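Dear colleague,

Please find below the structure I promised to hand over. My notes on it follow directly after.

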Amino acid sequence: MSAVPAPASERRSRFGQTGWRRRQLVIAFAWILMILLFVVVSLFEPGFRSNTNIRSIVDQSMILGIVGLGQTLVIICRGIDLSVPAMMGVSGVLLARHGTTTGDVVGALVLIVPIAIALGLVNGLSVALLRAPAIVVTLATNTLLLGALLVTTNGATSQTGGEPAKLFRTLSTGHIGPISVSGLVWIGIAIVAVALLAGTRFGRHVYAIGNNPVAARMSGVPVIRTVVSVYVVSSLCAALGGLLLAGYLNQTFPDMGSDYLFTSIAVVLIGGASILGGTGNYLGTIAGALTLSILGGVLAILNLGPAYMRILYGVLIFVTVGLGTLLARRGGRST
Amino acid sequence: MSAAPPVHASGVAADAATRAEAGEQRGRARVTPQQVTAVVPVVLFVVLFVVMIVVQGTFSGSLLQTVLETTVPLILVGFGQTLVVLTGGIDLSVGGIFSLVTALVATKMTHNGDVATWLPLVLLIGLAAGAINGLLIVRTKMQPFIVTLASWSVFSGLALLALSTDGGSVAPGLSSTLSGSWIVPKAAVVTAVVIVVWLVLRRTRFGTNVLAIGSSEPSARLNSVPVARTKILVYALAGLFTALGAVYYSSVLTFSGSPTAGDTFILQSVAAVVIGGASLAGGRGNMIGTILGACSLSMIAQIVFFAGAESYWGQLVQGILILAAVLLFATVELLIRRRNPASAEEA
């Protein structure tokens, strides 16, 4: 995948210091872009900065942000997780079938959590132990898992339906006074995620593997264990995202996660992470998720359909990644 | 980042150790990944073909025609994907280009009179879309994954602009020209042409350059291979063949258009290439393998259909097959590399 690899010494001295700062600039740029977009739209459309609209932006971004958390970890580790949509569909559909009341939720989780862990283990072990390409492995497990969901339910889940537990409706759309519940949940998760990446040994291992897996192994990083954990975390994030999406939509269907294949990667890239691994952090992904939701809101105001949204999303990735590449190019790496 | 200095030092030491080891092992008998990856798709194809005949009960020319007709779009998209993967890249935008062309065929080529103007135009659009991918990859130095992910989004947005929901119709003249059979099914002719194009292409300078870039881009550059030009051409050809696949798909299989038809072809084309034995790292793979992989994938759907099972069984089996294939190839490569590090350097 990579272009001309720079000699290790060069990469460390250039990329390791100034390149790293440039990367932080890219993340700052993601935040500036997001805030600027919000402010400009608010000037033209005062209703955009109303409490209700901000809450709805946060509600939408939170689900994307949680699924994007797993994707962030995987991408920092030089991987990619394309099995996110199937996991979201499975957890949403199983919630609607087995967890219709808040009391039943534990019953649904008993099914969902082991599936998520198993999916993460298959993905992670294939990538870490057998060195199989993550793109194909996760695309295959995505197909397999969706097929398995339809087979085990005799296709009964292919229709829209089901009433997921109220708990997840509250978590994804509720509010306490003017503050949205989803925002509080997200802030909690974000604090844990940022602390995990920046302040723990596990976080340092994730970055080390992303920078150079061979060197990481030589210096005693438990590569296999770390990579497998990262994929398990990603599947668990996708499962949680599926539960919240079921609550948000108040209905479920196997394909409900299909948009997240693209958007979960997009938010990580817009947030300044390099697809080559080793850089990026969750704060960038948060900005990326908020940006996509704000853009969605803007297009709704302008009465432009999903066609324009797709075009705009694509252009946004070109612009942000292009900028990141431009800034980091002198660091001897492409993005 | 604080761990960088020791990481760097031991990395160099490891590199030297590997090289020394490689020197010692030179001269031993080798099993190359090529040998394993050449056998697997053939075996898989034969097994599935036999199962399909057993399930169906008979073998007839029309069965062969059905299988080939449903596979041709994937073979055409897979042709482009194979070229891209050979250079060490990946093309996710085939999904968007396919959707866009399908949407255009179903909205602009509804009468026989439109075909003469719009057929060259949609093929040109496919070619141009691919060339844009290639240009962006070469000029901006962005990774193929990112460029084609973004352009997939853009092209599928354009597809939705051309046709907002499934529908439209295709000129009947185009459908009748492409479907059916002369002495052999026309789909078989298309497949044969694709194979011939591949065999010719492989022997041209362009073919050699593609393989050289995939094996090692820095070495290719040093050997004055025109890397930029070759890559742009590869992505342009991928766009063109995807457009051909989309024209065939909408005029022979669906007789209408869908602005999201292409999305399944992203996974399917990459899967066909991988089952066919290509390495996603580039430099290894061939079109015959991809065709066998594509046929295997579509035969699974046929078998499920003939057996009277619901179509989602096909999805499950395809998922298992793709996972099994990629894990098998990865294991083989790992074992060979462990036994004989020298072959890893060549691969």
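Leaving aside its neighbours within four places in sequence, which residues is Val101(B) in contact with? In this model, which is a predicted one, the partners of Val101(B) are Val122(B), Ile125(B), Gly126(B), Ala243(B), Ala246(B) and Val247(B). Val101(B) also has a place in the largest nonpolar core, which has 212 residues, and is listed there, together with Val136(A), Ile317(A) and Val326(B), among those with the most contacts inside that core. The largest share of this core, 16 residues, is contributed by helix 10 of chain A, which spans residues 223-249.

Turning to the two chains, 56 residues of chain A are in contact with 49 residues of chain B. On the side of chain B that touches chain A, at least two residues each are supplied by helix 1 (4-25), helix 6 (144-162), helix 10 (217-222), helix 12 (263-275) and helix 14 (312-339) of chain B, and it is helix 14 of chain B that gives the most, with 14 residues. By class, that side of chain B divides into 32 nonpolar, 14 polar and 3 charged residues.

Helix 11 of chain A brings Thr263(A), Ala266(A), Val267(A), Val268(A) and Ile270(A) to the contact, while helix 12 of chain A brings Thr285(A), Gly288(A), Ala289(A), Thr291(A) and Leu292(A). The contact between helix 11 and helix 12 of chain A has 6 nonpolar and 4 polar residues, and no charged ones.

One loop residue in chain B also deserves a note, namely Ser169(B), which lies between helix 6 and helix 7 (172-178) of chain B. Ser169(B) counts as partly exposed because it has 16 C-beta neighbours inside 10 Å, whereas a buried residue would need 20 or more. If residues up to four places away in sequence are not counted, Ser169(B) touches Ala106(B), Thr110(B), Phe255(B) and Ser256(B). The C-alpha atom of Ser169(B) is separated by 8.9 Å from that of Lys108(B), although the two residues are 61 residues apart along the chain.

With best regards

Key. Residues numbered from 1 in each chain as written. Chains lettered and ligands numbered in written order. Predicted model: local features only at pLDDT ≥ 70, side-chain atom pairs only at ≥ 80, totals over all residues. Contact = placed C-beta atoms within 7 Å. Helix = DSSP H or I, 4+ residues; strand = E, 2+ residues; numbered from the N terminus. Nonpolar A, V, L, I, M, F, W, Y, C, P; charged D, E, K, R; others polar. Core = buried A, V, L, I, M, F, W, Y, C linked by C-beta atoms within 7 Å. Buried ≥ 20, exposed ≤ 12 C-beta atoms within 10 Å, placed from the backbone.
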